[in-house]
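Good morning, and thank you for joining this group meeting. Please look at the sequence and the structure as I put them up, and I shall then take you through the side-chain interactions.

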Amino acid sequence: MEYKRPIGLDIDLETGVIPGAKKLVRRLSDLKGYFLDEEAYNELLKEDPVVYEVYAIEQEEKEGDLNFATTVLYPGKVGKEFFFTKGHFHAKADRAEIYYGIKGKGGMLLQTPEGEAEWIPMGPGTVVYVPPYWAHRTVNTGNEPFIFLAIYPSDAGHDYGSIKEKGFSKIVIEEDGEVKVVDNPRWKE
Ligand SMILES: O=C(CO)[C@@H](O)[C@H](O)[C@H](O)COP(=O)(O)O
Ligand SMILES: [Fe+2]
């Protein structure tokens with residue numbers, strides 16, 4: 001049998017960069033239709049800022065193997081809504097995942113297929129278990145990059161469709177200088 005070689009790498013804990021990883025960049029223009037305030041979205045689109053970057057070390061989509069990736073989620077808001085990742089179910093919906101907070105301040109919105117949502121605040125050292133079947137999106141509620149590591153089955157895949165269409169039942173906003181998790185007025189079951 002041919003064995004794969006082990007990997008040992010140092011994540012840059014200041015920048016989130018994983019040496020040799022595949023880099024993915026998501027700009028505001030990649031998130032069209034995701035934010036509530038369309039006017040604020042179109043205004044900020046003139047600058048089209050980078051919202052997040054992902055550094056991933058991925059294996060073939062085979063049962064039993066693992067991928068890992070850091071995400072660098074930049075601070076910012078569209079209207080009242082904090083910058084977030086697209087959010088997804090896994091294509092193989094029963095695949096779980098572990099997140100680990102490295103730097104900055106934020107949290108994770110999770111949601112069942114029925115739309116039951118949960119908010120878990122995250123900072124450096126926070127570990128989050130994403131159970132099978134839960135969609136997940138991270139949100140930066142601070143004013144520096146929010147950096148975290150994700151470890152997930154290499155055959156999990158991403159299913160962005162239903163979140164893109166319906167969003168999460170909760171949104172994370174700044175109101176009166178406070179972080180609030182409130183009902184999404186546009187949520188439709
Ligand atoms: O959950 C995973 C992998 O299963 C993370 O690595 C995200 O892929 C990343 O934080 C970007 O978020 P999305 O754009 O994929 O929602
Ligand atoms: Fe995931």
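This is a predicted model: local features need pLDDT of at least 70, side-chain atom pairs count only at pLDDT 80 or more; totals for chains, interfaces and linings use all residues.

Let me begin with a definition: a salt bridge here is a side-chain nitrogen of Lys or Arg within 4 Å of a carboxyl oxygen of Asp or Glu. Residues are numbered from 1 along each chain as its sequence is written, chains are lettered from A and ligands numbered from 1 in the order in which they are written, and side-chain values use heavy atoms, with hydrogens and water left out.

Side chains of opposite charge can pair when their charged atoms come close. The structure contains 13 salt bridges. One of them joins Glu175 to Lys80, with N and O 3.0 Å apart. Because Glu175 belongs to strand β12 (residues 170-175) and Lys80 to the loop between β4 (77-78) and β5 (81-82), this pair ties together parts that are 95 residues apart in sequence. Strands and helices are DSSP runs numbered from the N terminus, with at least two residues (E) for a strand and at least four (H or I) for a helix.

How accessible are the two partners? Here buried means under 20% relative accessible area, exposed over 50%, and partly exposed in between, computed with a 1.4 Å probe on protein chains only. Glu175 is partly exposed at 25% relative accessibility, and Lys80 is partly exposed at 46%. Shared partners extend this pairing: salt bridges join Lys80, Glu175, Asp176 and Lys180 into one network.

Two further salt bridges deserve mention. Glu144 pairs with Lys103, their closest N and O atoms being 3.4 Å apart. Glu144 sits in the loop between β10 and β11 and Lys103 in strand β6 (residues 97-103), so parts 41 residues apart in sequence are tied together. Glu144 has a relative accessibility of 34% and is partly exposed; Lys103, at 21%, is also partly exposed. The other bridge links Glu43 and Lys46, with the closest N and O atoms 3.0 Å apart. Glu43 is partly exposed at 47%, whereas Lys46 counts as exposed at 67%.

Beyond its neighbours within four places in sequence, Arg26 is in contact (heavy atoms within 4.5 Å) with Val50, Val51, Tyr52 and Lys86.

A nonpolar core is a set of buried Ala, Val, Leu, Ile, Met, Phe, Trp, Tyr and Cys residues joined through side-chain atoms within 4.5 Å. The largest such core has 34 residues, and those with the most contacts inside it include Leu28, Phe35, Val51 and Met122. Among the elements that each supply at least two residues of this core are α1 (38-45), β2 (50-57) and β3 (66-73). A second, separate core has eight residues, including Tyr55, Ile102, Ile147 and Leu149.

Next come the rings. Rings of Phe, Tyr and Trp (its six-membered ring) pair if their centres lie within 6.5 Å; planes under 30 degrees apart count as stacked, over 60 as edge-to-face and the rest as tilted. The structure has four aromatic pairs. In one of them, Phe146 and Phe148 are tilted, at 5.1 Å centre to centre and 50 degrees between the planes. Both Phe146 and Phe148 are buried. Ring pairs also link Phe35, Phe83 and Phe84 into a cluster.

Arg137 lies over the face of Phe84, 3.7 Å from the ring centre. Lys86 lies over the face of Tyr160, at 5.3 Å.

Finally, consider Thr112, in the loop between β7 and β8 (117-122). Thr112 counts as buried at 10% relative accessibility, and outside four places in sequence Thr112 touches Phe89, Tyr133 and Trp134.

How values were computed: A charge sits over a ring if NZ of Lys or CZ of Arg is within 6 Å of the ring centre and within 35 degrees of the ring normal.
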